Amino acid sequence: MQFVEAKGARIPILGLGTWEIEGRDCSRTVEQALRLGYRLIDTAQIYENEREVGEGIRLSGVPRNDIFLITKVWTTHFAPNELIRSVKDSVSRLRSDIDLLLLHWPNPQIPLAETLGAMARVKELGLTRHIGLSNFTVALMEQAIALSPAPLVCDQVEYHPYLDQTAVIGACRAHGLTMIAYSPIAKGRVKSDAVLAEIGRRYRKTPAQVCLRWLVQQNIVAIPRSSKVERLSENIDVFDFTLSDDDMAMLFAMGSREGRITDFGFAPAWD
């Protein structure tokens, strides 16, 4: 497994996203992923599966110190006292401290300085080793960096070949943050893509593997979600080939600002 380093955090470049995986399915999937070699698990308070994620980690038999665990604070918990209480609840459900704690979405209703002060406080309390952002635009990211009393490690955003994220990637690199890509295979849309299939044939790889390799070669962390064992195995099997510059360029050329899949009424004005 390769790692990406930022602000003292050492993050596995490929991990498991757990959105919409619930109950026993979730604990079983986490356990299987870890046994297959995954070392990064991503969850969130709003997913309502932190308890099952923690259970899967324990069932796997993989030492906790070898696993990088991410969870995210939901926007209704951004007031300082509420944020600290909610993170203590997350730690209780996970039965573990956290490696990286993220603000899940921007919340303009609560002053960002207050929220980031509380994030720094939970780090001081030892509830999390690192803090970061999710779904922050370039302007909001730069505002957060200026306001945060503790270093911010990443911005976790949607990223796949159909979505041009050049601006966010550039800002992350300029400020020494890692970018973490959710929906890296565009919620399965890539499977039927003729361009990706053609590239994949040359390497004996699937379109999803081509996508994930494209992200790895950009030094961007990817957290594909799957609860199927064969798909878990497929997604992690991307370290034995290298896409050519021409192949990389073909994937970059597929992206546009219109390619976004995850969007809500409360989302910021995207870059």
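Predicted model: local features only at pLDDT ≥ 70, side-chain atom pairs only at ≥ 80, totals over all residues.
For the structure as a whole I noted 8 aromatic pairs.

I then followed F266, which counts as partly exposed at 41% relative accessibility. W105 itself is buried, at 3% relative accessibility.

The rings of W74 and F266 are also edge-to-face, with centres 6.0 Å apart and planes at 85 degrees. Here the link runs from the loop between β5 (68–73) and α3 (80–94), where W74 sits, to the segment after α10 (245–253), and the two residues are 192 apart. I recorded W74 as buried, with a relative accessible area of 16%.

**Charges over rings.** I looked up two arginines next: the charged end of R10 sits over the ring of F3, 3.7 Å from its centre, and that of R189 sits over the ring of Y162, 3.6 Å from its centre.

**Cysteines.** I searched for disulfides and found 0 in the structure. The sulfur of C26 has its closest cysteine sulfur in C154, 20 Å away, which is too far for a bond. C172 is likewise in no disulfide, the nearest cysteine sulfur, that of C154, being 7.9 Å away. I noted C26 as buried, with a relative accessible area of 1%, and C172 as buried, also with 1%.

How values were computed
Residues numbered from 1 in each chain as written. Heavy atoms only, no water. Disulfide = S-S within 2.5 Å. Buried < 20%, exposed > 50% of the residue type's maximum accessible area, 1.4 Å probe, protein only. Phe/Tyr/Trp six-rings, centres within 6.5 Å; stacked < 30°, edge-to-face > 60°. Helix = DSSP H or I, 4+ residues; strand = E, 2+ residues; numbered from the N terminus. Lys NZ or Arg CZ within 6 Å of the ring centre and 35° of its normal.
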